[in-house]
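This briefing covers the fold, the overall dimensions, the surface and the core of one protein.

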Amino acid sequence: QVQLAESGGGLVQAGGSLRLSCTASRSIFTINTMGWYRQAPEKQRELVATFTRGSNTNYADFVKGRFTISRDNTKNTIFLQMNDLKPEDTALYYCNLIGFGGSYWGKGTLVTVSS
C-alpha cells in the first residue's frame, strides 16, 4: 500500500504558471511508472505526463512544450511544472503510481485557469 498526496493547485490567470507536487508515503526510488492525469468536468480522466521505465517521460500532445514532469527520489516526490496555462487546462489533477502490487491514486488537486 502507498498513499499519494497532491498539492500546488489553485486559481491562475491564462498564461500563468503552477507547480504541482505529489508525495508518496513510501520510497519511489524503484518505481518506474508514476505520473499525472487530469479530469475536467463531464470529461474522462486523461494522461498528462508520466515517467515510464524510470527516467523516460511521456507527455500528452496538448501539454508538450508547456508542462514538465520531474522527480526527487530523496523526497519521494514528483512534480509537474505547468507554464502558459490555458482555460482548457482547468481540471482536477491526479497523481498515479504503479508499483507495490497495485495502481494507486491521490485525491487530486484542483487547477482553475481563468481567461
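Strands here are DSSP runs of E with at least two residues, numbered from the N terminus. On that basis, the elements of the protein run β-β-β-β-β-β-β-β-β-β-β from the N terminus on. The model is a predicted one.

**Fold and dimensions**
- The secondary structure amounts to 11 strands and 0 helices.
- A compact globule of 115 residues would have a radius of gyration near 13 Å, and the protein agrees with this because its own value is 13 Å.
- Along the principal axes, the C-alpha atoms fill a box of roughly 40 × 25 × 25 Å.
- Of the contacts between residues at least 6 apart in sequence, 53% join residues at least 24 apart.

- Buried residues make up 43% of the 115 in the protein.

**Nonpolar core**
- The largest nonpolar core contains 31 residues.
- Leu 4, Met 34, Trp 36, Leu 80, Met 82, Tyr 93 and Leu 97 have the most contacts inside this core.
- Two or more core residues come from each of β3 (18-24), β4 (33-39), β5 (46-52), β7 (67-72), β8 (77-82), β9 (91-99) and β11 (109-114).
- Leaving aside residues up to four places away in sequence, Met 82 touches Gly 16, Ser 17, Leu 18, Leu 20, Arg 66, Phe 67, Tyr 93 and Val 111.

Definitions and conventions:
Residues numbered from 1 in each chain as written. Predicted model: local features only at pLDDT ≥ 70, side-chain atom pairs only at ≥ 80, totals over all residues. Heavy atoms only, no water. Helix = DSSP H or I, 4+ residues; strand = E, 2+ residues; numbered from the N terminus. Rg over C-alpha atoms; globule rule 2.2 N^0.38 Å. Buried < 20%, exposed > 50% of the residue type's maximum accessible area, 1.4 Å probe, protein only. Contact = heavy atoms within 4.5 Å. Core = buried A, V, L, I, M, F, W, Y, C linked by side-chain atoms within 4.5 Å.
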